[in-house]
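Hi,

Here is the structure I promised to pass on. Have a look at it first, and then read on for what turned up when I went through the charged side chains.

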Amino acid sequence: MSLVDFSVFVDSSLITPSFEERVKNNLPFLARVAEGEEKYQDSLGWHTVSEWAGEEWLERYISLADKVRRHDGCLVVVGIGGSNQAARAVYEALEEKCDREIIWAGNTISPHSVDKVLKTLDGKKNIFVNVIAKNFQTLEPGISFRVMRDYLRKIYGAGYKDHIIVTFTEDTYSWRLAEENGYITLPFPQNIGGRFSSLSPISLFPLAVAGLDIRAMARGGEMMEKALKENFSPSNPALRYVTARNLLCEMGKSVELLCYFEPRFFRFAKWWKQLFGESEGKDGKGLLPMDVCYSEDLHSLGQFVQDGKAVVFETFLSIGKKDYSYCLHDDDVADGFSYLDGKDFWDINKAAEKATLAAHSRRFPCHKMEIDSLDEETFGSLFYFFQFSCYISCLINGVNPFDQEGVESYKKDMFRLLGKWK
């Protein structure tokens, strides 16, 4: 499997001597990220994949997952943001490979969503709950955990605690609460923030329960780590990606659209938006990360992208090798589509992708990242690629990649309205 091919810039006008010079000038940032800066050591647990996805940890996640899987039940994951985005992206993209169901909760305050989760659970024989929170003061998982505790007590009585796995930060109030109540515990890495937790117990344990190959995910991440950390040349794909996007920002582009013609990327795009939005959006800086699912969104946002205010550029995610196929057959209805007789949906989709790239690149720079196939190993590579790239980009912009003070602002008003503070 190719890791990530970032060599294709559809708009070749971006590749100029000045761009190549900019890439060379950014090489010191690449070196700092590859080494891992001392001042960020408490946030770099993801930086070396084996720290939380080495064989000893993988065996622990798989062993615990097997205890859940033996009951042939379902797993409810209670978490929000970085505590569910990566796992959900992989699960929903590869759901056909999963042999256990995961139900997602704790990512909304909507009573309709709570009701929907509980109705989904009705009649299921074996239910386990994985509550994930680095800071258990977060409202959504906190109140959802209350709902799930109440639900499990009604089914299992005092034995409900055997159906709860908590992924909390060790040596905190919430960890002690879990131990006092006899819940099964997994550590939320103290040196990883949620949005960088794709290759840690936060994602790997629930995916192991689902039956996916988390060793392949770790392997993909390690392959990408090696490729990025050992290439100190201007050809480093992460360096070229962030140099291009920051140059485009200086040229007046304020929105990066992550584009894909494969709907299986939908949840991955939500993870990507959180990663860059929460990491870069500080001090009045950063691109607004958005996504579009083509060809559907060509019939909604396509007009703006093609003819609206020139504030966007596009990064395309593309799958290179055909993994699904359906050919159109001739019939006796004169529907005007006979020119497609015998053509494969895969080829039609690729034609639409090629045409869109060509049309959009006549207006603004587009570039494409291509992967061979969409599987666990590829996801591991993509997660690490974008996390590493985000770190470089934040250094170039002079912002802390790992804090998120802006997220806390609304919470102060919300907690005051709810009576937590007077």
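Let me start inside one helix: Lys229 and Glu225 sit four residues apart in helix α10, so about one helical turn separates them. They form a salt bridge, with the closest N and O atoms 2.9 Å apart. Keep in mind that this is a predicted model. Are the two partners buried or exposed? Lys229 has a relative accessibility of 16% and therefore counts as buried, and Glu225 is buried too, at 12%.

Helix α10 covers residues 214-229 and also holds Arg219. That arginine forms a salt bridge with Glu377, and here the closest N and O atoms are 2.8 Å apart. Glu377 lies in helix α15 (residues 376-397), so this pair ties together parts that are 158 residues apart in sequence. As for accessibility, Arg219 is partly exposed, with a relative accessible area of 40%, while Glu377 comes out at 14% and counts as buried.

Next up is Glu230, which forms a salt bridge with Lys226 at 3.0 Å between the closest N and O atoms. Glu230 has 53% relative accessibility, so it counts as exposed, the cut-off being over 50%. Lys226, with a relative accessible area of 49%, is partly exposed.

There is also a network: Arg69, Asp72, Asp99 and Arg100 are joined into one by salt bridges that share partners.

Cheers

Terms used. Residues numbered from 1 in each chain as written. Predicted model: local features only at pLDDT ≥ 70, side-chain atom pairs only at ≥ 80, totals over all residues. Heavy atoms only, no water. Salt bridge = Lys/Arg side-chain N within 4 Å of Asp/Glu carboxyl O. Helix = DSSP H or I, 4+ residues; strand = E, 2+ residues; numbered from the N terminus. Buried < 20%, exposed > 50% of the residue type's maximum accessible area, 1.4 Å probe, protein only.
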